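The entries follow the order of looking.

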Amino acid sequence: MRFDPTLYVITDRAAALGRPLEEVVAAAIRGGATVVQLRDKDSSAGALVATGRLLLPVTRLAGVPLIVNDRVDVAMAIGADGVHLGQDDLPAAEARRLLGPEAILGVSASSVEEAVAAESAGADYLGVGSVFATGTKPDAGAPIGPGALSPIRAAVRIPVVAIGGVTGSNAAAAVRAGADGVAVVAAVMGAPDVEEAARTLVEVVREARS
């Protein structure tokens, strides 16, 4: 499945404010979300599989990739389109070997060295951050700032997705600094009107890229 980095929406049950996750994801896709990541650090593998099987028909119908955070086993169990790995997760080269050449493989990076290593190991895209301060990922560390995106963008050929504290008001700065798209959690998942929030972010990103 084609990977379009424009608006990468990451699921979060708390941010969804009790709304069914599949409904929030469907609304985000209607607004223009181009990638969806299933992320739930607190759920068991079984619960993640169950959630993934609810989301996959929604994303497949729209032709939008479903990426599973961290869990290669869960991605393989549900037939997801790919996996996103952090620096402390399964090494990218091992994940690529398990998933095969067609799966979408993303890797988190916060430096040129990490970005280059991820590309060499078979990553299809990078999640770079945390670019701005964020409250949705307590272990994100200090923000690297949009200025850190430019040297990473220059060092790799694969798409760079800015992540961490991205909102409608700062997404353009991240894109102008070198990001090909933005990844968001609360800015879409927690919005009163999910579809409109996604649509606004897509417009901001596309305008900043033009």
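How many cavities of 30 Å³ or more does the structure hold? I found 1 cavity of 30 Å³ or more. The model is predicted, with local features needing pLDDT of at least 70 and side-chain atom pairs pLDDT 80 or more, while totals for chains, interfaces and linings use all residues. Residues are numbered from 1 along each chain as its sequence is written, and side-chain values use heavy atoms, without hydrogens and water.

Entry on the cavity. I noted about 40 Å³ of space in the largest cavity. (On a 1 Å grid over the protein atoms alone, a cavity is a set of points where a 1.4 Å probe fits but cannot get out; lining residues have an atom within 4 Å of a point.) Its lining consists of Y8, Q37, H84, Y125, G127, V161, I163 and A183. Strands β6 (125-129) and β7 (160-163) each give two or more residues to this lining. I counted the lining by class as 5 nonpolar, 3 polar and no charged residues.

Entry on the helices. I looked up α1 (residues 21-30) and α2 (residues 45-62), which pack at an angle of about 20° with axes 9 Å apart. The two are therefore roughly parallel to each other (angles under 35 degrees count as such). The crossing of α1 past α2 is right-handed.

Which residues meet there? From α1 I listed L21, E22, V25, A26 and I29, and from α2 T51, L54, L55, V58, T59 and A62 (contact means heavy atoms within 4.5 Å). By class, this contact has 8 nonpolar, 2 polar and 1 charged residues.

Terms used
Axes fitted to C-alpha atoms, helices over the stretch in contact; angles between N-to-C directions. Helix = DSSP H or I, 4+ residues; strand = E, 2+ residues; numbered from the N terminus. Parallel < 35°, antiparallel > 145°, perpendicular 65-115°, else oblique. Left-handed = near helix turned anticlockwise from the far one by under 90°. Nonpolar A, V, L, I, M, F, W, Y, C, P; charged D, E, K, R; others polar. 1 Å grid on protein atoms, 1.4 Å probe; cavity = no way out; pocket = protein on both sides within 12 Å on 5 of 7 lines; lining within 4 Å. Points joined across faces, edges and corners; volume = space filled by probe spheres on them.
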